[in-house]
Structures are given as structure tokens and as C-alpha cells.
Amino acid sequence: MSLDLPTPSCSTETPLPPRKRVASYASVSKFSSSKRRRMSMFSGELDLQEDIGGGNTLRPSNSVDRFVPSRPKNSIPLNVTPRTNRISRQFGLADNRVLNYKESAPEEDSKMYGMLRRSVASLFNIPPPARASSVASNLTSRQQCMMVLDGPGMSKDPLATPITWSLDNRIAVACGNDVFYQNLENRAVSRLCSLTLPDTGQLDHVHWGGTGWEQKLALGTSRGIMQVWDAGRGPGKDALLCMWREEKSSGVGALAWNKQVVAVGLKDGSISLLDVRCAQETRRVSVHKGKVIGLKWKLDGSMIASSDDLGIVHIWDKRTGKELLDAGTQGSKMRHRGPVKALAWCPWKSDLLATGSTYPEGTIRVWSSSSPSALPTPILTIPLDTSVMSLHWSPHCKELLSTHGSSFPPLPPTRGSAAVTVPPAPLKVLSTSLTNSLCVHDYPSGKRLLNLTSAHMGPVTHSCLAPDGEDVFTVCPREETIKKWHVWSKRSMNDKKESAFDKWSIR
């Protein structure tokens, strides 16, 4: 009996083609591929999610590239146990640069890289061109004075104002008890007068009149004598218009003109108004407790600011047709922690008033007179720790000029009232870049645009602005010199942007 075994076929059968893989959520791509795309199981967090068919599928939480995967919060299996940490450090795998797109700089070189970035960025940061009217295009480029005059015998009092500049381009200087004035058009010098009265005191203040009174000059002495002279009759023909003397022998601390009215600040804390036409005192107000050392009329004559040696600043306003400084018109007072001599009203924003204090504060503050309150708050504060002796706004750009004296340590902060409290210790003079300097500040940022440290060898106690608003005269009693500086320039018509209203007109 024989067993019939199946004889294998000699024909060669063609193998079936591989079964096409169905796209699933576990695949990276839904296109068919003969080779399954590899993925790193550690490139993202794995979640067990339910498939469409009902089964569970191991699915990555995010789609990432297999060559540069994103590093998860918890690396697996690295950095899990102390042993793996030790092994990874031996092979250099436990660094912050593992599986990162970019290489982070070492900590010790971070400062160097930061400096390199800033230096390279500065090459591409092109500053805007300076305006022709700004100090950056005038005094900054050429830090030299245009004129130097001698002033022998000028008052050594740092609160004195021994020079003034008239609207018809003449300067008057008080040298001892003599007054000289010079016409800057032809450089002719004339002697106005000499105070020979007994018990006259030191001639500290001179001030030219305003519009319509450009040739009238007011004088004030330390013994309370005030005179008004007419300097428009020619050399040798100048005449005394009126004279007034304080009965209490209170010295004159400040002078300010407003048309035919001269405001006189006295050292007993009172302010007197003198009408030149009748040579009589029209009104007096005593509100300051300290010596009045600063007076400044607003350009339109509607307000006057006064300051004293206790750091108090008052603004008086009377626009209803009544007399200025009438009873009940006392405004809110503004405070400094040092004597305030420097006052300046802004010509292009009439409600702004800049004030500057001397030792022991040394700060510039800008106030707004349009929003009076019980506790006035300055719009801008520029701490300098240097005596501010005079201030001037530029009529051509938004800049503020200041002259300075000695520098000193800053005051400690105080709580509550900012009333001045002079330290009992003597003045400790410091040598800084602001000492005896001339500075220009930008508004409203307060950035210092110019710091001219070589202006004078001593304190710059006073300065006056030219009628065109371009030049400034500075005074240094220690040197007995007067210097003229070209600070600003008028804005050219080319700098003005053309407006659509300039092309069309309304019929």
C-alpha cells in the first residue's frame, strides 16, 4: 500500500502585493508609504486616545519634526534619577543646549554678548537730524562765547540782577553805584547815572521797561531806593523821571516791568506796585513771610509770579479788569525746599511757569497756572543738586536754559510739607559737571541737551535773554565778566511743514 504524497507544484506563484496600510491617527502622514516614518517617543507627551474603530491608539499630543524635536517639560528617560543625571553629565547630555533650536550663550559671556548687541544696534540706529533752531545746532557745535565785556564793581550778591537787555537791543550794567548802557548795534557805550545820595546802599538791580517803555530803566538798591531813568534822550541828556524810597529801609529784592507799572519786591516780604506816570505807589500786598527775591510778569501782563527765600512761589491773577494784587486774589502757593530766585514764563505755552531753587535743594520745576489746586503738583521736576540762578525758555523750540552756581549733596527725602529747612551744617561744596555751568534742557522729557562747564570760572549768578530769543548774556561777579552766547536760532520757513490750508482759501 502506497501512500500518495502531494507533489509540490513546479510552477512559481507570484506573491501577493503587500497590503496597503490604512491611514490612522497614529501615523504622522495620511499618505501611503512603504516605510513607516519613525518618531521619537520622547519628543512630546504621549496620550492614549480612543480610535474611530473603538480601539485605543497611542497618539502623540503634538506633531513635531523627527530631526529637531521640541524638548518636553520632563525629559524621559534622562534627568529622572541621580544615576541617570550622573551618566548624562559624563556624556555631556545634561546641558541646557540639548534638543534646543539655538545655542544659548554661557552665563559668564552674557554681559559681553549684550555689549556686542548694543554696539551693533547703535550702528543701525541713526538719530534724527537736529533742528536748526535747537541748541544742538548752535551752541553745542561751537562752545565759544561771541563777546566778553568787563563789569568792574558789580554786586557780589548772588541774588542780584546787575544786567538787563532792552527790546531795542541795548544792555545796561550796574558797576558799583554807576550805571552804563551799550547800544549793541554800533557798540557805543554811555554812562547813565551815578547814585551819590547818602545811605544809598549797593546797587543790585536794573531792569529795562517793556513794550512802549523800552528806553526807561528802573534801578533798585539794597537800602530800598528805587529810581526810573529815561535813557532815550541821547548821551548826556538822560533824565531822572521819578524816585521812590522805602520808609522802613527794606532793601529791593526784585524788579519787574508791565507797561507803565513797576513791580518791586521788598525784603520784608511785601510787593509794591509803582505807576511811573504819577510816581506814586498804587498798591502794596504783604503775603510772603520771607524776602521777595524773584518777580516775573507773564508776557501778556495778566499774571505775575513772586518767590521768596523760603521757597514759596505765588501766582497772582486778575483778568476781570480790576487792579492786580487786589484783596482776595491770592492764588495757590507752590513750594521748594530752597530759596527760589529763578522764574520764567513760557512764551509758546502761556500757562507754564518754570522755577529754580538754590541751596539746599537745587531743583527745576515746571508748573501749570491753568489748573490751580490746594496742593499744586509740578508737571516736570529736574533734580540737579546745584543752585539754579536763572531760567529762560526758548521762543523758537521747546527748550529751557538754566545757569548754575555751586553744587552740594542731595537732600534726604522728607514726608509731608516740602517747606524749606536749611541744614544747620555749613555748605559742603562739591565739584560736579553742573558746577558754574550753563545747561539747556529739553521739554517735556527733561533730557539735558547741553552742559557747558567752561562758561565761567565762578557762579553764573544772572543771565538775560536777547529780544530776538537767540543770544544770552551771562554774568559772573567773581570774574567781573559778562559773556554773550549764541544759544538758539530762529526757525526757518523751510523747516515748516506745508499744510493743506496753505494751498486753499475760503471765499
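Where does R187 lie? R187 sits in the loop between β6 (178-183) and β7 (188-194). Helices here are DSSP runs of H or I with at least four residues, strands are runs of E with at least two, and both are numbered from the N terminus. R187 has a positive phi of about 65°, and R187 is not a glycine. Most residues other than glycine have a negative phi, and most peptide bonds are trans.

A word on the model. This is a predicted model, where local features need pLDDT of at least 70, side-chain atom pairs count only at pLDDT 80 or more, and totals for chains, interfaces and linings use all residues. Residues are numbered from 1 along each chain as its sequence is written, and side-chain values use heavy atoms, with hydrogens and water left out.

Now the overview. The protein has two helices and 30 strands. Of its 507 residues, 42% count as buried. Buried means under 20% relative accessible area, exposed means over 50%, and partly exposed is in between, with a 1.4 Å probe and protein chains only. The accessible surface comes to about 29800 Å², and 54% of that belongs to carbon and sulfur atoms. Those areas come from the Shrake-Rupley method with a 1.4 Å probe; for residues, only the protein chains shown count as cover.

Next, contacts. Contact means heavy atoms within 4.5 Å. Take contacts between residues at least 6 apart in sequence: 49% of them join residues at least 24 apart.

Let's go inside. A nonpolar core is a set of buried Ala, Val, Leu, Ile, Met, Phe, Trp, Tyr and Cys residues joined through side-chain atoms within 4.5 Å. The largest one has 17 residues. A354, I364, V366, L391 and W393 touch the most other members. Five strands each supply at least two residues of this core: β20 (340-345), β21 (352-357), β22 (363-368), β23 (380-383) and β24 (386-393). The largest share, three residues, comes from β24. Look at W393. Leaving out residues up to four places away in sequence, W393 touches residues including A344, A354, V366, Y443 and W488.

Which residue pairs are joined by cis peptide bonds? P360 lies in the loop between β21 and β22. Another runs from Y443 to P444, with omega near 10°. P444 is in the loop between β26 (438-442) and β27 (448-452).

On to L139. Buried or exposed? L139 is buried, with a relative accessible area of 0%. Its place is the loop between α2 and β3 (147-150). L139 and S489 are 350 residues apart in sequence, but 9.9 Å apart in space, C-alpha to C-alpha. Compare G236, in the loop between β10 (225-230) and β11 (239-245). G236 is exposed, with a relative accessible area of 76%.

Now charges. Side chains of opposite charge can pair when their charged atoms come close. A salt bridge is a side-chain nitrogen of Lys or Arg within 4 Å of a carboxyl oxygen of Asp or Glu. By this rule the count comes to 13 salt bridges.

K216 and D230 meet in one, at 3.8 Å from N to O. K216 lies in strand β9 (residues 216-221) and D230 in strand β10, so the pair ties together parts that are 14 residues apart in sequence. K216 is buried at 16% relative accessible area, and D230 is buried at 10%.

D275 pairs with R277, the closest N and O atoms being 3.2 Å apart. D275 is buried, at 10%, whereas R277 is exposed, at 60%.

K484 pairs with D471 at 3.7 Å between the closest N and O atoms. K484 is in strand β30 and D471 in strand β29 (residues 471-476), 13 residues apart. K484 and D471 are both buried. Salt bridges that share partners also join D199, R223 and R245 into one network.

Back to D199 for a moment. D199 lies in the loop between β7 and β8 (203-208). Its phi is near 55°, a positive value in a residue other than glycine. D199 is partly exposed, with a relative accessible area of 43%.

Last stop, T481. T481 is in strand β30 (residues 481-486). T481 counts as buried, at 13% relative accessibility. Leaving out residues up to four places away in sequence, T481 touches L149, M154, H456, T474, V475 and C476.
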